[in-house]
Amino acid sequence: MHRPLTRRGLLKGSVLFVAGAAVSACSTGDPLAKGTAAPAGSGAKITLTHWYHEYGEEGTQQAAMKYAADFTKANPDIAVKVSWIPGDYATKWTAAVLTPDGPDVYEVNDVSPNMVKAGQVTAMDDVLGAEKADFNPKVLAPYTWGGQVYAVPMIVDPMLVFYRKSLFAKAGVGVPTSFAEFAAAARKLTQGKQKGLFVGNDGVGPLGQMVPWSNGNLLIDDRDITYDDPKVVEALTAVKDLYDAKATLQGYSTDWWDPGALINGAAAMQWVGLWAVPGLTEALGDDFDAFALPPFGPGGQAVVNMGGWVQVVNGKSRNLEAAKKYVRWLWVENTAAQTDWSLAYGFHIPPRNSAAAKADKLNTGPAKTVMDAVAAHGIKQPALWTAEVRQPYTDAVTAIVKKDADAEKTLAEAAERSQDILDKVPVL
Amino acid sequence: MTTAAPPRPATGRPRRAPGRRAARWPAWRAFLLLTLPMVAGLFLFKYVAIGWGFLLSFNDARGTIALGDWNGLENYRRLLGDPAFTRSLVTILLFTLFIVPVTFALALGLAVLVNRLRGGRAFFRTTFFIPAAVSYVVGALVWKMSLFSGTPSGVANSLAYLLGYEESIGWVATVDPPLYWIVLVTVRLWLQTGFYMILFLAGIQQIPAQLYEAARVDGAESEARLFRHITWPMLRNTSVAVVLLLIINAFQAFDEFYNILASNLSGLGGADGRTPLIYLFQTALGEQNYGAGSAGAFVVTVLIVVFTLLQGRFAGFGRSEEEG
C-alpha cells in the first residue's frame, strides 16, 4: 500500500461495502428453495420459476427437474427453474405470490374465490383445451369458478384407512362395516405398546371431518354451513368416545401422512393415502390392505377423501403465455411424464381418465382395493370449505372431543362464525 | 420471535457530556456517514413496513398487500369479535404471568449460586448459558420428538414407565389436563434461563465487595440477610431490565408453540396453545387476510406497550439509583 488508510477512506469503503451487501442480498432470488435446478440451455430468452412442495418419496425432485429440462429441449426459448420447497409450503407460496417475483407456476391443494379475485391464479380453459373432457369432472369441480377452471390437476390422492392384515388376524378382527365396529376394532387392537389406530399426532386428525361425512353431513353445502346438526353431534360424540378409550396413537415422530407408525407396529390401523402403498409394500410385503372409513350407521355412507395437488399459473406472471404453454406441455399433453409422476415414486391416481385406466400398477394388491374404494366412495371436499371457514369448526371439534364441551352449543356457536366468514367470500 | 439484543444493565451514574457545542462539522459528518446505512436500513425495512402495516389494518386486504379497499375499523372489529383471538390473548396472558416470575426466580437463583462457587465458576456459567445458543426451533423439535414424544420410547414416557405408569402418554396432544404446557414451559425455561442468569451474574459482579464486608462487620451473618439487604436492592436495575425483556419475549412467543403444536403440512395446531402470533400467522399467511393480520399485530403491540409501561411504573424503570 502506498499510503495508510485515511479515516475518510475507511468511511467511504465501509459505506460502499454496506451498500454492496444490501444490493447483493436483495438480488439473491429464492432464498427459501432447498434445491434448485439451474436452467438448462443458457440461450433461453425466458426463465419460468416452478414451485413444488417437498414430496417425500425419493427421486421425485430429480423427476421434476428432468421434466423441466425436457421441456426446454423441446422449447429452447423457455428455461424452467424448479424450486423444491421444504416444510410449511402453504405459507411460503402465499407470501411469494404477493410480490412480482413470485413463482410463475406453482402447485396448490385448493383454489379459493379470494385467490381468483387477487389474480394469484389464471383461467386455464385454454390450457386444458380439448383434453378437458378426459379429466375427472369430480376433480375439476372445486377449481371451477364462474364457469372457468383455474387449475390443472396433477395427481389425485385418495385417503382412507390402511391396516396390518396379520394384526387383524391375531386379534380376530374383521374389516369393520360401521363406525361402532371400527371403534371396537381400534380398542381391541390396542395392546401393550401397540395402539389400535393412528390418525394424526393430536389423536383426532382428519376424523373430526371424516366421521361426520360418513354420517351423511359434508359440513357445508355450497354457501350454507350445515354442521350445526344432530348428525354431526352424534358423529363427534362417537369420536370422543374413541379418543377417551385411549386407542389412538398420539405424538408419534412422524404424522399421519407417513406410513412409519403402521410399518413399525406402533399402530395397527392408520389413516393415510394411496401414496404410501409402495413404501408399505417394500416394508411389509403383502401384510397390509385398506378400507374406506365405514358408514357411521344405517343411512350413512363410506368415505374415501379425495385430496390431491393441482397446478396453477400465477395471474401476475410476466410470462403468462410461456407458463401456460409449459403447464399444457407437462400436465396435459405429456402423459408419459404424468404416468411417471403418479406411479414411479409414491402412488397417485393420474387425473386424466385415459391415463388412470392404463395405470396397471394400480390394478393389483392393496392399490386395487384403494381404487375400488375410490370408485365406490370417493368424496371431494367442497370447494368453499377453506382454511378460514373451517377454523371455528376445528376449534369446536377440539373442545368437544378433548375437553367435554357441550357438543350442540359449541357447534351452534361455531357454525354462526363459519357462516359469517363464508358470507364474506366473494361470489364469482 | 427473535430475541432482542441484550441491553446492558444500567449501571447508574449518568454521565453527561460537557456542553461543548462548538461547530464540529467533520465529526458530525462522520457520525452521519457511519450511522446512515443502519438508520436507512432500519427505516426502509422496519418503519416503512410498520407504517404500511398500520395503513393495511384499515383495509380489506385479502390476497393482496395493496392499499385502496378501505374498510375502517372492520378488521379490528372482526378480530376482537373472534373468540379464537380473545382466547389467544388470555392464553398469552396466563403464559406470561407464569413464565416471567419462574424464569426470573430460576435465573436469579442460578446466578447467586454460580457466583458463590469457589472453583469451576466459568464451567458452570458456560454450561448454563449454552442452551441460549440453541435455536428455539431445534429446542422445540428435541422436546417434541425425543423428550416428550408420545411413543413408549420417549424419554418422559420411559421415566413414567419406570415409575410404574404403564400407559404411554401423548404429552403434546393431551389438553385435558393440559399436559402440553409442561412441554412448552420446560423448553422455554431451558432455552432462556441461562441468558438471564448471565445478566444477573453481571449485575451481581458489579456490586462492590466492600458492602458485604461492611455488612459482615456490622453483624449480618446469614446469607439470606446479605441477599435481602444488599444483593437484591443493588440488582434493582438489572431486575427491571430482565422483567422487561421477559415480558416482551413472552408476549411474542411463537417458535416453540408453532413447532411443537403444529404439524407442518396440515396447517397449524388446534385451539389450545394458540398464541396471538400463531393466530395472526394463520390469519395473514394461512388465510391470506393481511388486513386482519396487521390489525392484530397492532393490538398485540399495544398490549406489550401497556404492560411495559405498567411494569415500569411499579418498578420505577429509568429512575436513577440515587433517587431510588
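A salt bridge here is a side-chain nitrogen of Lys or Arg within 4 Å of a carboxyl oxygen of Asp or Glu. Select B:Asp82 and A:Arg417 to see one: their side chains meet at 3.3 Å, N to O. Between chain A and chain B the count is five salt bridges.

A word on what you're viewing: it's a predicted model, where local features need pLDDT of at least 70, side-chain atom pairs count only at pLDDT 80 or more, and totals for chains, interfaces and linings use all residues. Residues are numbered from 1 along each chain as its sequence is written, chains are lettered from A and ligands numbered from 1 in the order in which they are written, and side-chain values use heavy atoms, with hydrogens and water left out.

Now select the whole interface. In contact (heavy atoms within 4.5 Å) are 37 residues of chain A and 47 residues of chain B. Together the chains bury about 3500 Å², 55% of it on carbon and sulfur atoms; that is accessible area (1.4 Å probe) lost on being put together, summed over both.

Next, hop to helix α8 of chain A, residues 179-188; helices are DSSP runs (H or I, at least four residues) and strands too (E, at least two), numbered from the N terminus. Pick A:Phe179, A:Phe182, A:Ala183, A:Ala185 and A:Ala186, which are buried (under 20% relative accessible area, 1.4 Å probe, protein chains only). Look down the axis of α8(A): these buried residues fall within an arc of 155°, so they line one face of the helix. The arc is taken from the directions from the helix axis to the C-beta atoms.

Last stop: show what the buried residues of α8(A) pack against, including β7 (152-163), α10 (230-244) and β11 (267-273) of chain A.

Methods. Buried area = accessible area lost by both parts, 1.4 Å probe. Buried < 20%, exposed > 50% of the residue type's maximum accessible area, 1.4 Å probe, protein only.
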